[in-house]
Amino acid sequence: MDRRDNSFYSDRKWCPACDMYVPYLMSLATSYCVECGNEVRLLSSSDWQAFTEKMEARKTRGGRRRKRSSKSSTPPRRESA
Ligand SMILES: [Zn+2]
């Protein structure tokens with residue numbers, strides 16, 4: 001049995017009803033569990049929380065880097081925004 005975590009998560013989604021990651025059927029907007037037919041999510045609530053926490057941590061770190069003092073010494077980059 002080989003562990004392929006990345007592909008595992010890529011072709012499975014979290015079914016709250018089955019309480020596990022399951023193969024799913026893709027619909028236009030939603031995906032459905034092939035086991036029970038319920039709506040599935042990309043991540044379980046605990047995994048989702050861990051994911052958002054990771055994103056928040058990254059956001060905070062990135063925001064801290066912006067210092068006005070260093071900005072004046074560095075010329076602004078050309079960004080089409
Ligand atoms: Zn299910």
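**A short tour around V40**

Hi everyone, let's start at V40, which is found in the loop between β4 (31-33) and α2 (45-65). Helices here are DSSP runs of H or I with at least four residues, strands are E runs of at least two, and both are numbered from the N terminus. Please keep in mind that this is a predicted model: local features need pLDDT of at least 70, side-chain atom pairs count only at pLDDT 80 or more, and totals for chains, interfaces and linings use all residues. Residues are numbered from 1 along each chain as its sequence is written.

So, is V40 buried or exposed? V40 is buried, because 24 other C-beta atoms lie within 10 Å. The cut-offs are these: buried takes 20 or more other C-beta atoms within 10 Å of the residue's own, exposed takes 12 or fewer, and partly exposed is in between, with C-beta atoms placed from the backbone.

Who does V40 meet? Leaving aside neighbours within four places in sequence, V40 is in contact with K13, W14, C15, V22, Y24, S31, Y32 and C33. Contact means that the two C-beta atoms, placed from the backbone, lie within 7 Å. Have a look at C15 too: its C-alpha atom is 4.5 Å from that of V40, although the two are 25 residues apart along the chain.

V40 also belongs to the largest nonpolar core, together with W14, C15, Y24 and C33, five residues in total. By nonpolar core I mean a set of buried Ala, Val, Leu, Ile, Met, Phe, Trp, Tyr and Cys residues joined through C-beta atoms within 7 Å. In soluble globular proteins, nonpolar side chains tend to be buried together.

Not counting residues up to four places away in sequence, Y24 touches R12, K13, S31, Y32, C33, V34 and V40.

Next comes L25, in strand β3 (residues 24-26). L25 is exposed, because it has 12 other C-beta atoms within 10 Å. Beyond its neighbours within four places, L25 is in contact with S31, Y32 and V34.

Back in the loop between β4 and α2 we find L43. L43 is partly exposed, because 15 other C-beta atoms lie within 10 Å. Its contacts, again leaving aside neighbours within four places in sequence, are W14, W48 and F51.

One backbone detail for you: D19 has a phi near 60°, a positive value in a residue other than glycine. D19 sits in the loop between β1 (13-15) and β2 (20-22), and is exposed, because it has 9 other C-beta atoms within 10 Å.

Finally, the whole chain. It has three helices and four strands, following the pattern α-β-β-β-β-α-α along the sequence. Buried residues make up 7% of the 81 residues. Of the contacts with a separation of 6 or more, 19% come from residues 24 or more positions apart.
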